Amino acid sequence: KWLASCAHFRQDKPHLAMTFSSRALEALRSRAGAQWACLLVASIGFAAALEALRVSAALLIGPMIAGVIVASTGGRIRVPDTVFAATQGIIACMIARAMPASIVDEVAMQWPVFGLGVLSTIVMAAVVGWLLARWQVLPGTSAIWGSAPGGAASMTVLAEAYGADVRLVAFMQYLRVLCVTSVASLVASLAGQQHTAAAIVWFPPVDWFSFAATLAVASLGVMSAKVFRIRAGAVLLPLIVGIVLSNTGVMHIELPPWFLAVSYALLGWSIGLRFTRESVAHCARALPRVLAAILILIAACAVVGQLLAKAAGVDPLTAYLATTPGGLDVAAIIASDSDVDVSFVLSMQFARILIVLVTGPSLARFLAGRSAEQGKAA
């Protein structure tokens with residue numbers, strides 16, 4: 001009898017383990033505090049791992065991955081829409097701080113070169129997005145915004161404002177960030193032009209008056225977007241106001257590293273927690289084709305970069321970073337860690353992101369409409 005009972009227990013052991021794990025998971029789903037704690041711990045772990053690998057935007061990608069895991073396992077916590085809108089305003093202020101007035105002089109001196117580099121990258125990215133939409137890898141405007149060669153964070157929040165699926169856009173944008181960062185870092189290392197990056201000072205002295213003024217500009221965009229119902233107002237208004245005020249000397253945009261890290265985490269959570277099992281499965285199915293499209297885009301931009309190097313008389317790595325489709329933040333980080341012409345790289349990236357911000361909504365609607373019409377005809 002004892003042997004029979006032991007055998008019976010061994011047979012039921014997997015079932016008991018599954019029952020225990022399912023009950024534990026269900027208890028976790030019913031407690032928001034436990035979900036937030038798991039999200040925080042997982043975010044710190046993923047962000048630390050990506051930082052150790054020197055992945056750009058690790059402080060955003062890590063929390064976003066943690067959010068995807070929590071949401072796809074049945075988590076019900078969400079970041080409030082007001083907080084999400086506030087992080088958009090902060091990202092806009094960060095972009096405005098990085099846009100000096102000297103960009104106009106830099107572009108004016110070599111406008112044919114800048115025109116070739118900027119427009120060719122935008123056209124190639126648009127073609128990739130259109131093909132992904134045409135082949136129904138990603139739906140409509142999500143494919144166009146996901147391919148847009150602006151900053152990943154800014155393109156993601158703009159896509160949300162203009163009705164695209166922010167989950168799919170973020171999936172493609174940050175997958176491209178990972179690919180571009182890896183390839184560019186490898187190219188810089190092989191070229192012998194990479195040097196050790198300076199350590200980040202997380203808690204420097206803060207100009208609290210400028211910090212308060214920066215928060216006011218970011219909040220102004222959120223409030224104006226709600227009152228006047230301006231599409232993408234939470235991004236565009238702080239961006240325009242921030243550029244004007246900072247370049248006219250009226251204010252200094254103050255964003256301490258610790259505050260940016262918190263903002264990145266909130267933005268990553270806002271995106272990641274919107275995922276479901278179905279959307280994760282869709283991204284997994286689309287991964288091979290999206291990855292192939294990203295690698296083709298990187299290779300095409302590299303070819304344009306080498307043509308640009310001969311036309312502008314700059315070194316190949318400078319031209320490559322100037323035309324890389326990873327976005328402003330990625331190019332800025334890698335350029336600052338390499339022996340290249342940083343002003344040339346950033347000026348071209350600035351010019352490109354400005355054009356994408358202006359033309360992106362119209363281009364996305366046009367290309368998505370064309371792909372839908374051709375799909376119906378087929």
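**Reading the labels in a predicted model**

In this predicted model, the side chains of Arg 167 and Asp 165 meet in a salt bridge, 3.0 Å from N to O.

Reader: Happy to start there. Why is the meeting of Arg 167 and Asp 165 called a salt bridge?

Author: The cut-off is 4 Å between a side-chain nitrogen of Lys or Arg and a carboxyl oxygen of Asp or Glu. Arg 167 and Asp 165 are at 3.0 Å, N to O, so the pair qualifies. The structure holds 1 salt bridge.

Reader: And what makes Asp 165 partly exposed?

Author: Its relative accessible area is 23%. Partly exposed runs between the buried limit, under 20%, and the exposed one, over 50%, so 23% falls in that middle class.

Reader: Let's turn to Ser 72. Why is Ser 72 called buried?

Author: Ser 72 has 17% relative accessibility. Buried means under 20%, so Ser 72 counts as buried. Ser 72 sits in helix H3, which spans residues 58–72. Across the protein, buried residues make up 47% of the 378 residues.

Reader: Which backbone oxygens does the side chain of Ser 72 reach, and what makes those polar contacts?

Author: There are these to look at: the backbone oxygen of Val 68, 2.7 Å from a polar atom of the Ser 72 side chain, and the backbone oxygen of Ile 69, reached at 3.2 Å.

Reader: Which residues does Ser 72 touch beyond its neighbours within four places in sequence?

Author: Those are Phe 275, Arg 277 and Val 280.

Reader: What about the inside: how many residues has the largest nonpolar core?

Author: That core has 96 residues, and Leu 138, Trp 145 and Tyr 174 are among those with the most contacts inside it. Helix H9 (residues 166–190) gives the most to this core, with 13 residues. Another core, of 8 residues, lies apart from it and includes Val 70, Ala 71, Val 79 and Trp 269. As a general pattern, nonpolar side chains tend to be buried together in soluble globular proteins.

Reader: Finally, how many helices and strands are there in the protein?

Author: The protein has 16 helices and 0 strands.

Key:
Residues are numbered from 1 along each chain as its sequence is written. This is a predicted model: local features need pLDDT of at least 70, side-chain atom pairs count only at pLDDT 80 or more; totals for chains, interfaces and linings use all residues. Side-chain values use heavy atoms; hydrogens and water are left out. Helices (H or I, at least four residues) and strands (E, at least two) are DSSP runs, numbered from the N terminus. Buried means under 20% relative accessible area, exposed over 50%, partly exposed in between (1.4 Å probe, protein chains only). A polar contact is a pair of N or O atoms within 3.5 Å; within protein, one must be able to donate a hydrogen and the other to accept it, and residues adjacent in sequence count only if both atoms are side-chain atoms. Contact means heavy atoms within 4.5 Å. A nonpolar core is a set of buried Ala, Val, Leu, Ile, Met, Phe, Trp, Tyr and Cys residues joined through side-chain atoms within 4.5 Å.
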